Amino acid sequence: MPVQTSTAVSAPPPLTVNLRAARLVYGGLTLFDDLNLKLDGGSFTCLLGPSGSGKSSLLRLLAGLTPPGVSGELRGGDGQPLTGKVAYMAQQDLLLPWLNVLNNIILGQRLRGERLDLPRAMRLLAQVGLADQALARPDTLSGGMRQRAALARTLMEDRPVVLMDEPFSGLDALTRLRLQALAAQLLVGRTVLLVTHDPLEALRLGEHILMMNGRPATLSALADLPGAPPRDPGDRAVQAAYRAILRRLEVV
Amino acid sequence: MKSWWRGLLTLAGLVLSWHLLVTLGDLPSYILPDPGAVANSLWHHKGPLLHHAGVTAVEIVLGMVLGTWLGSGSALVLAYSRRARRWLLPMLIASQAIPVFAIAPLLVLWLGYGMGSKIAMAMLIIYFPVTANFYDGLRHTQRGWLDLAAVMLPKPRPWAVLRHIAIPAALPALASGLRVAAAIAPIGAVLGEWVGSSAGLGYLMLHANSRMQVDLLFAALFVLAALAVSLYFLVDAGLRRLLPWHPISPETETD
């Protein structure tokens, strides 16, 4: 059984993220122009938008995976570039199939040639409930377990900023709810931006929710919901906000 | 194991039709000997056959090992260095236009009648499939893995990415190259033996042919085929064991 110990891996000091005058032209199409985004240090923000709105490109820009045709000024709250301060989690778990779960978790340390912190990796695996699967190959795990392992790998990086690109969208509904709760619990204290096209996911997880739509796309903030994430999807305030979002997207 | 049964059945069918062809067609034994005569010759000459098969096997295996090293090394250089790609890739492709058969006499001239020229032949014949397959695998590393590595690394470390991600990811492609190599390496060795040698199954075949010992020629051919088939299955089994995460098994797909 997973042991949720209080020797939890502590987060690094919070870092604010500032993006100014971001512009992305792709194939002659201006996806966004003069876009400004500020993420408060240690806050969990969800970025909601229809597919093709450029939200994944914005996330990749923040991650430093600069696509061609993009420009903008990206700084941390300390005025320094974000390089080396970001951890990234994608929709695919991106586990390397030839490594066992434990070795996947410490991939970052391997790549950087650092000393391997196996006790920390094992603690994180226990926190995501995968202590028994440390030596298993990824192809023997279920989709939910694989994404848990990816979450542990993201936390292993111990970066103040965590960027997530629809990390739970490939999972079945119940697994998704469980993983959302786990992520909300383990990512406390970090500056998180989670991109999603699922309004309920944004409402469940986001301290702040941003909507991105139009072309060129603009960002607009929704009113913050009461209560701390992870919120109950059946909560009345969540339901009301859900309806408001749908109305805004002209679904209902 | 159903596949074993199928193999045996195919073999039995082939031998039977061979026998029928000889008896019904009333073919003289210097054109096509009866399977019984070949089996007899196989038993009778088992000493020399074993000796020459050993020579050929050593040539094939050494050619495989050296060709694999050379091919993998070339693929790594090509994948890593853009300059190498610009200079070497056109040469590599052009070199494939020259059949290895054509340079066999040269190799024998340069490296002598011994094993050296045959090892070089086997090596040259497998060099291209090994290089091309591995290079292809190295070029097609999954985009997401490279993105992940880029975010993890504050400063780019191409060698670390190559070692921990690109090379392991390309191993299944290298494995397909090695399977092809296992199938064609015997051709290189035997070809070298035909051009000029004093030992090996190729030599034995030429020798038997010139003395009208057609049954021995067929016996040597049989041993060569057995050698080539077992080499292929050994390599295939070894690769499967080494790459357990890679779902390649055409047989299990259908069953």
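Two residues are taken to be in contact if their C-beta atoms, placed from the backbone, lie within 7 Å. The model shown is predicted, so that local features need pLDDT of at least 70 and side-chain atom pairs count only at pLDDT 80 or more, while totals for chains, interfaces and linings use all residues. Residues are numbered from 1 along each chain as its sequence is written, and chains are lettered from A and ligands numbered from 1 in the order in which they are written.

**View 1. The side of chain B that touches chain A.** In this predicted model, 17 residues of chain B are in contact with 23 residues of chain A. Helix H7 (143-152) and helix H8 (158-195) of chain B each supply at least two residues of that side of chain B, and the largest share, 8 residues, comes from H7(B). Helices here are DSSP runs of H or I with at least four residues, strands are runs of E with at least two, and both are numbered from the N terminus. By class, the residues on this side of chain B divide into 13 nonpolar, 2 polar and 2 charged, where Ala, Val, Leu, Ile, Met, Phe, Trp, Tyr, Cys and Pro count as nonpolar, Asp, Glu, Lys and Arg as charged, and the others, Gly among them, as polar.

**View 2. The packing of helices H2 and H10 in chain B.** Helix H2 (residues 35-44) and helix H10 (residues 214-242) of chain B pack at an angle of about 75°, with their axes 8 Å apart. H2(B) is therefore roughly perpendicular to H10(B), a term that covers angles of 65 to 115 degrees; the axes are lines fitted to C-alpha atoms over the stretch in contact, and angles run from 0 to 180 degrees between N-to-C directions. From H2(B), residues B:Ala37, B:Val38, B:Ser41 and B:Leu42 meet B:Asp215, B:Leu216, B:Phe218, B:Ala219 and B:Phe222 of H10(B). This contact of H2(B) with H10(B) has 7 nonpolar, 1 polar and 1 charged residues.

**View 3. Strand S5 of chain A and its partner S6.** From strand S5 (residues 86-89) of chain A, A:Val86 and A:Tyr88 point one way and A:Ala87 and A:Met89 the other way, and all are buried, that is, 20 or more other C-beta atoms lie within 10 Å of their own. S5(A) runs parallel to strand S6 (residues 161-165) of chain A, to which 4 bridges join S5(A), and strands pair if DSSP finds at least two bridges between them. The bridge partner of A:Met89 in S6(A) is A:Met164.

Definitions and conventions. A residue is buried if 20 or more other C-beta atoms lie within 10 Å of its own, exposed if 12 or fewer, and partly exposed in between; C-beta atoms are placed from the backbone. Angles under 35 degrees count as roughly parallel, over 145 as roughly antiparallel, 65 to 115 as roughly perpendicular and the rest as oblique.
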